[in-house]
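Welcome, and please take a look at the model below. The notes that follow walk through a few of its sites and then its overall make-up.

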Amino acid sequence: MAAASSASSAKRALLPWARDAHHALTRVLQGSGGGGGGGSSFRGALPTLAAGRWSLLQRRWRSSLPQLDSTVDRSDEDSGGDIDWDNLGFGLTPTDYMYVMRCSLEDGVFSRGQLSRYGNIELSPSSGVINYGQGLFEGLKAYRKSDRQGYMLFRPEENARRMQHGAERMCMPSPSVEQFVHAVKQTVLANRRWVPPQGKGALYIRPLLIGSGPILGLAPAPEYTFLIYAAPVGTYFKEGLAPINLVVEDAIHRAMPGGTGGVKTITNYAPVLKAQMDAKSKGFTDVLYLDAVHKRYLEEASSCNLFIVKDGVVATPATVGTILPGITRKSVIELARDRGYQQVEERLVSIDDLISGDEVFCTGTAVVIAPVSTVSYQGQRYEFRTGQDTLSQTLHTTLTSIQMGLAEDKKGWTVAID
Ligand code: COI
């Protein structure tokens, strides 16, 4: 009885698109759906298979996911390999464990996540993520506490909620906030020897949510995998903490109204690689994108949000669906207001606003807060204030002190892992 009632509450919890897909899947399993008649929007999208073949297929793709490891050894606190903590940069250092949790479209809820050895995963060639880009990612950091007694996370619930919002847009079930935060903590503890010494960097945590089940016609995948891996990182840009140089791109756009620019889908990132590579080949650090309609309003850089300061007023592009709602962005708005910048404006920021700005900086989890010394637009180079007494420098100190547990967290933003 208990199992039946939890199954029915799981079904009640299904999102509208998932309910449709669930019904279509049930019809397929009962042998009455699939490519035949019926008015479902998923008609023809789910595999037309008899129940026996369907369960064989399910077994096949499930068995191809990583072997779970029930004996996670967390005793290796002291050794971080031969790692050069002073020169970390933002590269991939493979760590020991990853966290994996799966969910079928039929169930609609994630359960039984586990740590497994970090390693390659197998996916069906027809998985939703590979074929149709049905996937999201997140990024957050764990810092080592100064007294070596544990680790600190920064606003992990915000990442969980942003993933849930993105999952709704991408027609995927998502883990609960509690499941997400629990999984992040497990991943940090299992990889704790890779958390850099304080002041040298952080353990970057990368949660993924992907349509891992096979699908041929365009439709939500029949199975989802939530996976978290982690890597020790230092500064994101090769400039380190030094100011960066940006170029405004006016031909390639990152997002469009009604698109997915406001969620952290994997499909937002590869399309900007061309602009990013061109910019790097010309010596720029990164690219600033303009809105796709007027080609006049700034949106964000390839991997971070943008702020400008002019006559003591701080402005940042409003999150109207084409801009990623950054967690560092949100925190910086609050910290700037606390410092007396009452006018932190979330609004349209035109290229003219930028050019006439006093100070420009970028924010992001990976980037933290990066001061911008020059922006080039249509062949002209514009310079901005950097260094001592700039808002970006003050905010950088305030934010990182909270993140590392060096300053009192009056806002309840940090989550300790002891
Ligand atoms: C982050 O800042 O965490 C991101 O996800 C950006 C990514 C391109 C490194």
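Lys238 counts as exposed because its relative accessibility is 74%; here exposed means over 50% relative accessible area, buried under 20%, and partly exposed in between, with a 1.4 Å probe and protein chains only. You will find Lys238 in the loop between strand 7 (223-233) and strand 8. Strands (E, at least two residues) and helices (H or I, at least four) are DSSP runs, numbered from the N terminus.

The side chain of Lys238 makes a polar contact of 3.3 Å with that of Glu239. A polar contact is a pair of N or O atoms within 3.5 Å; within protein, one must be able to donate a hydrogen and the other to accept it, and residues adjacent in sequence count only if both atoms are side-chain atoms. Lys238 and Gly89 are 149 residues apart along the chain, yet 7.2 Å separates their C-alpha atoms.

## How to read the model

This is a predicted model, in which local features need pLDDT of at least 70 and side-chain atom pairs count only at pLDDT 80 or more, while totals for chains, interfaces and linings use all residues. Residues are numbered from 1 along each chain as its sequence is written, and side-chain values use heavy atoms, with hydrogens and water left out.

## Lys264

The unreviewed UniProt entry lists Lys264 for "modified residue: N6-(pyridoxal phosphate)lysine". UniProt positions are given in the numbering used here, with feature names shortened, and annotations may be inferred rather than shown by experiment.

Is Lys264 buried or exposed? Lys264 counts as buried because its relative accessibility is 11%. Its place is the loop between strand 8 (244-249) and helix 7 (273-281). Beyond its neighbours within four places in sequence, Lys264 is in contact (heavy atoms within 4.5 Å) with Leu136, Phe137, Glu138, Gly139, Arg162, Tyr269 and Leu324.

## Around the ligand

Lys264 is also one of the residues around the ligand, together with Phe137, Gly139, Tyr204, Arg206, Tyr236, Tyr269, Ser303, Thr365 and Ala366; a residue belongs here if one of its heavy atoms lies within 4 Å of the molecule. This shell divides into 5 nonpolar, 3 polar and 2 charged residues. Ala, Val, Leu, Ile, Met, Phe, Trp, Tyr, Cys and Pro count as nonpolar, Asp, Glu, Lys and Arg as charged, and the others, Gly among them, as polar.

For Thr365, a backbone N or O atom lies 3.4 Å from an oxygen atom of the ligand. On its own the ligand has 290 Å² of accessible area, and the protein covers 88% of that. Such areas come from the Shrake-Rupley method with a 1.4 Å probe; for residues, only the protein chains shown count as cover.

Most residues other than glycine have a negative phi. Arg112, not a glycine, has a positive phi of about 55°. Arg112 sits in strand 2 (residues 111-117) and counts as exposed because its relative accessibility is 73%.

Gln378 has a positive phi too, near 50°. It lies in the loop between strand 15 (368-377) and strand 16 (380-383), and at 59% relative accessibility Gln378 counts as exposed.

## The whole protein

The protein has 10 helices and 17 strands. Of its 418 residues, 53% are buried.
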